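Dear colleague,

Please find below the structure that I am passing on to you.

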Amino acid sequence: MEEFYSGFAQRARDLADKADPFTRRRLLDLAKRYDAKSRPGSPVGRSIPPPRATPPAVLFSGSGEI
């Protein structure tokens, strides 16, 4: 699995060499994330998704009929 992510990181860097500045920045950020995932024990590879925002209670206060 480590080789998988490090390969993707290298591909992203290769594409960044030929990309416009905005895309280059995004691809290099992506490469950093793949590099972090390719290292065992990396906190990025084990990250927990952020909690979902709870909708306001007002949306659920009605009887359910429109």
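This is a predicted model: local features need pLDDT of at least 70, side-chain atom pairs count only at pLDDT 80 or more; totals for chains, interfaces and linings use all residues.

Helix H1 spans residues 2–16 and helix H2 spans residues 21–38. Their axes come within 8 Å and cross at roughly 165°. Since angles over 145 degrees count as roughly antiparallel, H1 and H2 are therefore roughly antiparallel to each other. The crossing of H1 past H2 is left-handed. On the H1 side, the residues in contact are Glu2, Tyr5, Ser6, Phe8, Ala9, Ala12, Arg13, Leu15 and Ala16. They meet Arg24, Leu27, Leu28, Ala31, Tyr34, Asp35, Lys37 and Ser38 in H2. By class, this contact comprises 10 nonpolar, two polar and five charged residues.

Ser38. This residue belongs to helix H2. Ser38 has a relative accessible area of 12%; because buried means under 20%, Ser38 counts as buried. Leaving aside residues up to four places away in sequence, Ser38 touches Glu2, Tyr5 and Ser6, which are among the H1 residues that meet H2. The side chain of Ser38 also reaches the backbone oxygen of Asp35 at 2.7 Å.

Asp29. Helix H2 also contains Asp29, which is partly exposed at 38% relative accessibility. Asp29 and Arg13 are 16 residues apart along the chain, and their C-alpha atoms are separated by 9.3 Å.

With kind regards

Definitions and conventions: Residues are numbered from 1 along each chain as its sequence is written. Side-chain values use heavy atoms; hydrogens and water are left out. Axes are lines fitted to C-alpha atoms, for helices over the stretch in contact, and angles run from 0 to 180 degrees between N-to-C directions. Helices (H or I, at least four residues) and strands (E, at least two) are DSSP runs, numbered from the N terminus. Angles under 35 degrees count as roughly parallel, over 145 as roughly antiparallel, 65 to 115 as roughly perpendicular and the rest as oblique. A crossing is left-handed if the near helix is turned anticlockwise from the far one by less than a right angle, and right-handed if clockwise. Contact means heavy atoms within 4.5 Å. Ala, Val, Leu, Ile, Met, Phe, Trp, Tyr, Cys and Pro count as nonpolar, Asp, Glu, Lys and Arg as charged, and the others, Gly among them, as polar. Buried means under 20% relative accessible area, exposed over 50%, partly exposed in between (1.4 Å probe, protein chains only). A polar contact is a pair of N or O atoms within 3.5 Å; within protein, one must be able to donate a hydrogen and the other to accept it, and residues adjacent in sequence count only if both atoms are side-chain atoms.
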